[in-house]
Amino acid sequence: MALALVILLVSITCTVFAQDPIVKITETVPPIVDKWVNAMQTDDVTFSCQVENLPVGLKVKWKRDYYDEKNRKQTQAISTDTSLMDNTRYGIEKPFPFVWRLRVRRVVAADQANYSCQVMVTLQTFVTKTVNLRVNVKPYLLPDSTSSDMTVTAGEDITLRCNGTGLPAPVIEWTRLGNALLPVGTERYQGVELKLQQVRASAAGVYNCRVWNTVGKVVRSIDLKIKYKPVIKAASEISQAPGYLIELQCFSKAYPFPTKTTWTKGSYAISTSSGRYKVHAVQGAFGQLTYELIINGVQEEDYGKWTCKIKNTEGTASKDIELKKTDVAQKSFKVGRVVKGSASRSTVYLMTLVTCLQAYVLTQL
Ligand SMILES: *[C@@H]1O[C@H](CO)[C@@H](O)[C@H](O)[C@H]1NC(C)=O
Ligand SMILES: *[C@@H]1O[C@H](CO)[C@@H](O)[C@H](O)[C@H]1NC(C)=O
């Protein structure tokens, strides 16, 4: 009976000694969500490993598995019991006798790895528990590969660049102000480079590139200015009866702003107001410019072909308007009724005032 008891006790004791250690990850900061610990760059993270039934003489180790820059799997030892390979990056805390808490200080992208708490029982047998750390970094722009505001010439091939980085790797998406179509033909485009071939004036404006990932976003606005020589639209002919007021109008677009405009008829050129001729320019919306020659009382010599000529740094454009003679007086475009021309100073002055007022109202619309 006594022998049987001894055998039983010995066998129980042996069973206890032979039992494998039990390794558990009891707590992580930040907590595990969907098998991952997600930390922001510069956070401290901790992983608590609790070990039961640790055989005498065996040590608890922390190690990590990660992919290096060349995407090769690497294993790195971090600690054995409380001694560390690198105590600037890591710490081992002992909040309880059977807990080995690993602290990774101020995490950076390179700390993204699988961390394992391990007890080696024999060379072949070890008990391990692993925790996966993902480091998140808000996206930021890489200034060397991101364009700033640009001024180019129509017809050039250009590339707008916007590159950013972050963790997870960010999406880079282009749009135009007001969701106008991109020159690639869609409202949105994903990629580092937005190539614009033979840019046209209509491609000018603000381009926004949004760099975003699961933890943040950053936006860069690039104002693209396109230089082109003036483009002019005008009625090819208008008519007026002698003695009445008429406006010759050239509607133009240009960038940069025109430096010179001239009205010519044969060898006669007008670039500033004089006598019954008044020259006038109104700036409208969308870079539209209206150039006018107001003839305050058409005379015989005014009939025929007039040319408006508009010049900027990119070139000169011109358009012809034929002023024809009629018997019936025509309405002034701007006043909206027939206006009898008058050389009298007060009428010219009044007309100028009306025109200026209208110009002012137009620009305010
Ligand atoms: C880390 O664990 C994840 C999920 O189990 C796995 O997909 C990945 O390959 C592991 N990384 C390394 C470096 O072992
Ligand atoms: C954008 O930046 C990333 C991260 O630095 C880099 O790997 C990639 O080659 C860059 N892409 C381009 C097109 O410059």
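How many residues lie between E2 and E3 in their hairpin? I looked at the turn: E2 and E3 form a hairpin with two residues between them, and aspartate 34 in the turn has a positive phi of about 50°.

The model is predicted, so local features need pLDDT of at least 70 and side-chain atom pairs pLDDT 80 or more, while totals for chains, interfaces and linings use all residues. Residues are numbered from 1 along each chain as its sequence is written, with chains lettered from A and ligands numbered from 1 in written order.

**Overall.** I counted two helices and 27 strands in the protein chain. These are DSSP runs, numbered from the N terminus: helices are H or I with at least four residues, strands E with at least two. Of the 365 residues, 22% are buried (20 or more other C-beta atoms within 10 Å of their own, C-beta placed from the backbone).

**Strand E3.** I followed residues 36–40 next. Val37 and Ala39 point to one face and are buried.

I then checked the pairing of E3 (at least two DSSP bridges between strands). E2, residues 32–33, pairs antiparallel with E3 over two bridges. Isoleucine 32 has valine 37 as its bridge partner. E11, residues 126–141, runs parallel to E3 and is joined by five bridges. There, leucine 133 is the partner of valine 37.

**Ligand 1.** I listed the residues around ligand 1: Asp65, Tyr66, Tyr67, Lys73, Asn114 and Asn132 (C-beta, placed from the backbone, within 6 Å). Strand E5, residues 60–67, gives the most to this shell, three residues.

Definitions and conventions. A residue is buried if 20 or more other C-beta atoms lie within 10 Å of its own, exposed if 12 or fewer, and partly exposed in between; C-beta atoms are placed from the backbone.
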